[in-house]
Amino acid sequence: MSEIELRLHRREDMFLASVRCVNLVLRNGRLFPEQSGEPVLLVFRLPPQHVTERFFESGEEPDAVAEAWASGPTELAFTVSLDREGLGLALDELLDWAAPRFRGTRETSIEFPTRLLLGPEGEVTWKLRKEPFTSETGRTELWHANLCGPAPAPAPDAGTDLTAGTGEVHLRARAVATGRVDRGGVRTPLSPEELQEIVTLTTVGRTLPPPEQVEAVREELGLPAETPFHDYDPQPLHADRFMLTPLGATVRMRGSWEEYPEAHVAQPLGWPASSLLGYAHNAGLGRDYFVRTVNRGYLCTGHLAALVTTYRREFVTPPGGTGTVARLRQTEFVTVRQPEMRYDAQTAGYPNDGRQMPFVSLRITDLKTPEVSQDTSRPFLPRNESGQPHRFTLVGVDREGHQVTFTLPLMFFGINEVGLAPGEYNAQARQDRTADLAGQTLTLGVPPEGNPGSTTLPVTSLFFAMDPAGRHPLHSLAVVRDARVRVPALEAMGAGMGEQDVRFSDGYLATGPQFHPSGTFLTLGQAEPAPGAAPVPPRVDLTFGAENAGGIAAPNVGVSEITSLAGPLPSQLASPGEAPAAALKDAFATARLIGSVTLGDLLGAIPEPSPDAFRELAEERVAALLEEVKGEVVRNRTPLPVPILRTFQDPSSLNRVIRYVWTPELVTPENPLINVENAALALEATTTVSPSGERDSRVSGLLRDFSLDIAGLVTVGVERLSFTSRPGAKPDVSASGLDVRFRGPLSFVNELRSLLPTDGFGPGSFVDVTPGGIRAGYSLALPGLPLGVFSLTNVVLGAELTVPFTPDPCGFRFSFSERHKPFNLSIAPFAGGGFFSLSVRGPTVRQGPDGALEHVPPSIELIEGALEFGGSASLNLGIAEGGVSLMAGIYFSMKGDGSVSLAGYLRCGGHLSVLGIVSVSVEFQLALTYQSETNTVWGRGELRVSVRVLFFSKSVSLTLERSFGGSPDPAFAQVVDRDAWDQYCLAFAA
């Protein structure tokens with residue numbers, strides 16, 4: 001069959017086309033079929049109907065000229081039924097497309113937009129003028145042809161309006177044109193991938209695989225049995241206006257593919273994943289003025305979302321220009337397609353039963369973001385023009401039905417970016433993954449059975465990350481990595497202690513609330529500290545100072561775990577298995593008992609309690625256990641398994657009560673200061689907060705049946721020692737049943753017990769409680785002992801025990817008279833006196849250079865004593881009188897550091913007077929002192945002679961001082977460090 005090529009042009013209305021005539025021949029100026037029985041085909045080739053051009057992003061300054069590319073030509077194919085008269089070459093006959101003899105064919109190919117080849121579907125018609133139309137003003141209308149679908153007949157008053165009564169036309173995208181000029185990376189609306197998806201979605205249908213495979217997909221996705229699956233029927237583009245002209249097409253076209261399944265459903269069925277969800281295109285004379293694409297995606301919380309990209313033509317003046325340009329500006333925003341997301345085993349598939357996600361659902365209330373201003377070619381946090389991330393408003397519901405509202409930036413992932421989800425999101429800054437809850441109440445952990453509300457805390461903020469979630473198309477979803485919460489049980493412990501950074505306990509995540517009987521579910525500290533931020537302490541030290549605990553006991557403890565049944569606990573008491581003594585010693589390293597005694601040294605291993613041991617600890621049970629300790633019978637009692645720190649509301653007064661109680665079992669350590677073999681200890685700290693915010697605190701304690709051993713010299717047994725204290729008030733301390741017994745070198749004092757009161761701290765004794773500690777003791781004056789020429793008087797025995805409230809060690813002092821009040825001893829003409837005292841310091845604990853605690857054994861603090869003796873004689877003969885005297889003494893002291901001091905003196909003298917006219921006196925003094933620190937003996941001697949005659953007198957004094965032994969003065973190199981000397985010299989260098 002032959003073909004004829006005709007070129008058509010009409011100047012009046014600018015019609016321009018070429019026509020390819022198939023199976024036609026030209027005879028006598030008309031076209032006739034060449035072969036009868038074969039179809040006759042006219043293919044009109046029109047000029048390019050679309051121009052695609054570079055777009056400019058929001059905020060990007062446009063150039064005066066934008067790169068642009070024209071589409072290929074459009075071909076309209078018609079089969080024509082001819083009679084004997086054939087078809088004339090006049091345009092009114094060739095353009096009579098609305099005539100019944102013109103029928104469109106599938107060979108019609110309209111390239112719109114550029115590189116996308118469209119074809120109409122079904123019954124369509126063309127409405128166009130066969131002749132140019134000139135108005136009364138003399139203007140001729142541009143030639144145009146409207147593609148119309150099935151529609152009712154035109155209204156009677158439609159007149160010559162070619163758009164009146166036109167129906168919507170359906171178009172299929174049949175192919176993407178290839179072999180075109182490369183655009184060199186210049187971005188234009190509609191990417192090659194989007195064009196190809198339009199072809200697939202409008203042309204290619206999909207059928208379901210066999211039923212058994214469909215059922216396997218349903219089970220794999222965890223979908224209910226009633227979830228329907230359907231074949232996919234390709235959905236065409238819908239155009240309510242499609243007009244071709246010599247200058248380009250004027251189009252108003254749209255497409256929607258909501259029925260195509262999501263990627264996680266399509267791929268298991270063997271269908272390709274499709275990102276494009278919607279498409280709209282408006283153009284005038286081949287130039288775009290509105291284009292919109294909608295691409296599927298997900299938010300990091302799992303909600304279905306979409307990225308909406310819009311291109312609009314705007315009239316602007318370029319920088320430095322004087323004219324106006326019409327540019328295409330791109331804007332993008334994210335819309336939420338699924339407002340509510342549920343986090344259950346079927347939809348999320350978290351490991352560990354989703355314990356790292358406290359929410360059972362999240363609902364997003366703002367379903368559209370403002371315009372975003374960053375690269376969206378990879379996962380992104382929608383940000384506004386100032387660069388700040390958009391914070392979505394979410395309403396979360398936790399496991400116990402609490403509803404909280406917060407804002408949080410959410411990352412958008414395209415369907416082809418699923419594998420990037422965890423890494424991209426978890427690399428974002430901490431502030432962009434943190435939600436402020438402002439103290440709203442949230443159930444963070446799974447509460448133990450029968451204890452609702454036990455894992456509920458006021459939350460200041462939540463920090464999110466993404467973890468694996470096997471059931472969700474993203475394969476990972478947002479979880480709570482750590483949080484800042486307010487722990488009411490810690491608020492009364494000090495300013496700022498109530499608000500803590502916490503993360504889920506590893507054991508809780510792995511095994512749930514049954515990880516430990518106490519219900520451990522949170523660990524103090526952040527999971528991912530911000531770069532450069534100060535590290536968050538892994539524990540909080542609860543400190544009961546001397547003003548709170550009365551000095552008897554400071555139940556200080558470092559807590560690191562938050563439990564649902566026992567409140568804050570040390571990690572050693574909130575982990576499975578027995579809590580060994582060594583671990584408890586570390587946990588209670590700062591806890592004190594009787595000032596310097598570390599509570600950790602007195603604790604034995606604590607077996608792992610049963611869950612019932614915690615569930616039974618209601619307030620009535622705790623009170624009963626305390627009464628057992630305070631009562632007369634304490635044997636076979638049931639102690640509290642761990643320290644209990646909890647808060648509750650008094651229903652009668654509506655006061656909030658924070659209570660810390662413990663009745664631990666005690667064991668006597670090796671080489672003890674304190675013996676607690678039969679002792680019982682009860683500690684209770686209570687703070688009451690009224691509805692108006694007023695606080696009333698009280699700390700009380702009781703220690704029974706213990707004894708103190710001071711350096712093996714004295715043992716003090718105490719039957720009952722109790723205290724109660726309130727802030728700003730002197731502690732109320734009482735002690736009873738004290739028994740003092742001397743040991744070792746001081747055991748002789750026990751022989752004098754018949755002279756002492758029955759109760760060593762009864763009448764004649766003293767107990768003084770001061771802000772620094774407890775001071776108790778006695779002072780006993782013995783009666784004089786005259787035995788002929790021998791006399792011993794002014795003897796006082798004293799003993800004093802000091803128990804400080806601070807970590808300083810206990811002290812004990814024994815004295816035989818005192819320096820300021822020595823005993824007196826005389827034998828005939830000789831007399832003298834002296835004193836003796838002994839001070840010892842009990843064992844203590846101190847922090848070593850490496851920060852570890854060191855035990856310091858008991859030691860002598862000071863031993864000192866003095867003894868002096870002498871005599872005198874005088875003679876009076878009337879005209880002359882005189883006398884002589886001699887006195888000698890010695891003093892000895894030894895301090896706790898081993899230094900010794902020894903001193904002695906000799907003083908003698910005499911005087912003579914004759915008739916009171918002449919008198920002579922002579923005095924000689926000699927003193928010697930030895931200092932062990934310097935290994936030096938120092939001596940001083942002095943002789944003084946005085947003579948008086950009548951009114952004249954003269955005195956002469958001779959003095960001599962000497963020292964022996966000791967070390968010479970240090971050399972310069974011994975006192976100046978070489979590096980320090982080099983640094984000093986370099987300071988003067990030029």
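Leu-26 has Leu-31 in β4 as its bridge partner. This pair belongs to a predicted model, in which local features need pLDDT of at least 70, side-chain atom pairs count only at pLDDT 80 or more, and totals for chains, interfaces and linings use all residues. Residues are numbered from 1 along each chain as its sequence is written, and side-chain values use heavy atoms, with hydrogens and water left out. The chain has 13 helices and 63 strands; helices (H or I, at least four residues) and strands (E, at least two) are DSSP runs, numbered from the N terminus.

**The chain as a whole**

- Of the 990 residues in the chain, 46% are buried, where buried means under 20% relative accessible area, exposed over 50%, and partly exposed in between (1.4 Å probe, protein chains only).
- Among contacts with a separation of 6 or more, 58% involve residues 24 or more positions apart; a contact means heavy atoms within 4.5 Å.
- The chain exposes about 48,300 Å², and carbon and sulfur atoms supply 55% of this area, as given by the Shrake-Rupley method with a 1.4 Å probe.

**Sheets and strand pairing**

- Strands of a sheet pair through backbone hydrogen bonds, either parallel or antiparallel. Here, two strands pair if DSSP finds at least two bridges between them.
- Strand β25 (residues 391-398) runs antiparallel to β26 and is joined to it by 7 bridges; Leu-394 has Phe-406 in β26 as its bridge partner.

**Strand β5 and its partners**

- In strand β5 (residues 41-46), 5 of the 6 residues are buried, so the strand is largely enclosed by the rest of the structure.
- Strand β2 (residues 15-22) pairs with β5 in the antiparallel sense over 5 bridges, and Ser-18 stands opposite Arg-45 in β5.
- Strand β9 (residues 74-80) also pairs with β5 in the antiparallel sense, over 6 bridges. The bridge partner of Leu-42 in β9 is Phe-78.

**Nonpolar cores**

- In soluble globular proteins, nonpolar side chains tend to be buried together. A nonpolar core is here a set of buried Ala, Val, Leu, Ile, Met, Phe, Trp, Tyr and Cys residues joined through side-chain atoms within 4.5 Å.
- The largest nonpolar core has 64 residues, of which Phe-44, Trp-97, Trp-126, Phe-242 and Met-253 touch the most other members.
- Not counting residues up to four places away in sequence, Trp-126 touches several residues, including Leu-76, Phe-78, Trp-97 and Leu-244.
- A second, separate core of 60 residues includes Tyr-298, Leu-307, Leu-408 and Val-487.

**Helix α2**

- Helix α2 (residues 192-203) has 12 residues and reaches 17 Å from its first C-alpha to its last, close to the 16 Å expected at 1.5 Å a residue. The expected span is 1.5 Å times one less than the number of residues.
- Its buried residues are Glu-194, Leu-195, Glu-197, Ile-198, Val-199, Leu-201 and Thr-202. These residues pack against β13 (116-121), β16 (169-176), β17 (237-244), β19 (276-284) and β20 (287-299).

- Most residues other than glycine have a negative phi, and most peptide bonds are trans.
- The peptide bond from Phe-112 to Pro-113 is cis, with omega near -10°; Pro-113 lies in the loop between β12 (110-111) and β13.
- Asp-353 is not a glycine, yet has a positive phi of about 60°. It is located in the loop between β23 and β24 (359-364) and, at 68% relative accessibility, counts as exposed.
- Asp-705, in strand β44, also has a positive phi, near 55°. At 26% relative accessibility, Asp-705 counts as partly exposed.
- Glu-694 lies in the loop between β43 (680-689) and β44 (695-710) and is exposed, with a relative accessible area of 58%. Glu-694 and Asn-655 are 39 residues apart in sequence and 9.6 Å apart in space, C-alpha to C-alpha.
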